[in-house]
Amino acid sequence: MTEEDLDAPPGRTSPTGQGLPQHAVRTALLELLAEVGTVTATEAAARLGHSSGLCSFHLRQLARHGRIEEAPHHGGRARPWRLRRPDPEAGPAAEEFDDLARGLEDESWRRWLERRDEAPAAWRRDEAFSALAYLTPEEMSRVADAVRTALAPYREREQRPLARPDGARPVALITRLFPLFDEAAGRPTGGADEDR
């Protein structure tokens with residue numbers, strides 16, 4: 001435990017509980033992981049302006065409390081970390097993780113909007129869009145699969161920095177597919193035969 005841990009306000013816990021007090025370095029690490037996917041203590045230190053020892057300590061604390069996990073890597077001493085991906089069947093734990101991930105995504109988006117003018121000219125735009133489509137549950141799954149397939153060629157770059165072309169930067173890719181509710185009926189919008 002560090003002096004900073006002892007100084008954390010009593011009773012304040014992290015968004016997912018687990019008994020881990022809120023801490024500025026841990027919060028920054030979680031936000032960084034949500035933004036870039038994986039990070040080592042050395043990379044986190046360079047990005048956040050802390051020592052690699054401090055980042056390493058807090059990464060291990062987050063892992064010990066189930067918030068992050070070691071990411072797959074190919075040898076070497078560097079230990080990359082990523083946000084923990086719980087089993088979707090895990091019930092409340094999975095929902096808690098989803099809430100945390102969405103909150104970090106939203107925070108990253110707000111930070112981008114506030115600081116977009118600081119980015120190099122070529123990076124000052126974003127490709128945000130939204131759409132409404134009438135889909136069956138099966139079609140919704142196919143759309144999600146199509147998005148995953150489109151991103152597949154770029155996924156290896158997360159774990160293999162040498163595969164990244166010059167000028168590549170981490171880009172948040174957020175897709176949310178969910179049925180809209182008919183507020184009057186209190187159920188997903190659709191025809192009367194949707195449950196048959």
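**Close-up views of a predicted model**

**View 1. Helix 3 has buried alanines.** In helix 3 of this predicted model, which spans residues 41–48, Ala41, Ala44 and Ala45 are buried. Looking down the axis of helix 3, these buried residues fall within an arc of 100 degrees, so they line one face of the helix. An α-helix has 3.6 residues a turn, so residues three or four places apart point the same way. Thr42 and Ala46 sit on the other side of helix 3, where they are exposed.

**View 2. What covers the buried residues of helix 3.** The cover includes helix 2, strand 3 (38–39) and helix 4. Just after helix 3 comes Gly49. Gly49 takes a positive phi of about 80 degrees.

**View 3. Arg60 in helix 4.** Helix 4 runs over residues 52–64 and contains Arg60. Arg60 is partly exposed: its relative accessible area is 34%. Its side chain is joined to that of Ser56 by a polar contact of 2.6 Å. Leaving aside residues up to four places away in sequence, Arg60 touches Arg79 and Trp81. Arg60 and Ala41 are 19 residues apart in sequence. In space, 9.7 Å separates Arg60 from Ala41, C-alpha to C-alpha.

**View 4. His23 in a loop.** The loop holding His23 lies between strand 2 (17–21) and helix 2 (24–36). His23 has a relative accessible area of 8%, so it counts as buried, the cut-off being under 20%. A polar atom of the His23 side chain lies 3.0 Å from the backbone nitrogen of Val25.

Notes. Residues numbered from 1 in each chain as written. Predicted model: local features only at pLDDT ≥ 70, side-chain atom pairs only at ≥ 80, totals over all residues. Heavy atoms only, no water. Helix = DSSP H or I, 4+ residues; strand = E, 2+ residues; numbered from the N terminus. Buried < 20%, exposed > 50% of the residue type's maximum accessible area, 1.4 Å probe, protein only. Contact = heavy atoms within 4.5 Å. Polar contact = N/O pair within 3.5 Å; in protein donor to acceptor, adjacent residues only side chain to side chain. Arc of directions from axis to C-beta.
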